[in-house]
Amino acid sequence: MTAALESDHPQEREWTTDDLDALPEDGRRRELLDGVLLMSPSPTRMHQSIAALLMVALDDDCPDGYDVTQAVGVRINRTRYFIPDVLVTTAAAAAREPSRYEPHEVVLAVEIVSPSTRSIDRVLKPALYAQAGIPFYWRIEIEEEGLVVHTYKIDPVHEIYAETGRWTKFVDTGEPFPVNLPISRITPRRV
């Protein structure tokens, strides 16, 4: 392993998923965008609580054939690798106990918007997830009035997402499986 890999310093070439695999398991959140290494700051308590509550709520409604997890990477290609906050995959893909998924194994990717990832979660990731063929995308915004869940479905011909809902009280959608989720169920307690 080179010193560049050990310290996350810029390389003289683009980063690949092979380079990520060679890094030590140190808890850092590393993603790749066209060979550029992206490192996000640690998520907040609020962010992590929303992700945990959403994962449990979706898992409660999850039918056979699907699996719900959080913070497992998706290898879009050799130089694009993202880690959705919550994701629904096929049960067959989950059965192999992967450390990362391929896009065709992911049914739903969910991102919880943080101040440092606004543009990435609102613009960049949905565009790239759609290009990769991930059928559904949810974006959760933390607003003063409470949480807002934006749901999207892919237009596979144009490889873009079309909004299917903006939810402030309940997420009530039949895709990727029937979900009738009170927003209060994924809203963390305020301290």
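## Aromatic pairs: a guided tour

Begin by selecting tyrosine 137, which is buried at 0% relative accessibility (buried means under 20% relative accessible area, exposed over 50%, partly exposed in between, with a 1.4 Å probe and protein chains only). The model is predicted, so local features need pLDDT of at least 70 and side-chain atom pairs count only at pLDDT 80 or more, while totals for chains, interfaces and linings use all residues. Residues are numbered from 1 along each chain as its sequence is written, and side-chain values use heavy atoms, leaving out hydrogens and water.

Rings of Phe, Tyr and Trp (its six-membered ring) pair if their centres lie within 6.5 Å; planes under 30 degrees apart count as stacked, over 60 as edge-to-face and the rest as tilted. The count by this rule is six aromatic pairs.

Select tyrosine 66 and phenylalanine 177 next: their ring centres are 5.7 Å apart and their planes stand at 45 degrees, so this pair is tilted. Tyrosine 66 belongs to strand β3 (residues 66–70), and phenylalanine 177 to the loop between β12 (170–173) and β13 (179–182), so the pair ties together parts 111 residues apart in sequence. Strands (E, at least two residues) and helices (H or I, at least four) are DSSP runs numbered from the N terminus. Tyrosine 66 is partly exposed at 28% relative accessible area, whereas phenylalanine 177 is buried at 2%.

Tyrosine 137 lies in strand β9 (residues 136–143) and tyrosine 152 in strand β10 (residues 146–155). Tyrosine 152 is buried, at 14%.

Finally, select Phe82, Tyr129, Tyr137, Tyr152 and Tyr161, which ring pairs link into a cluster.
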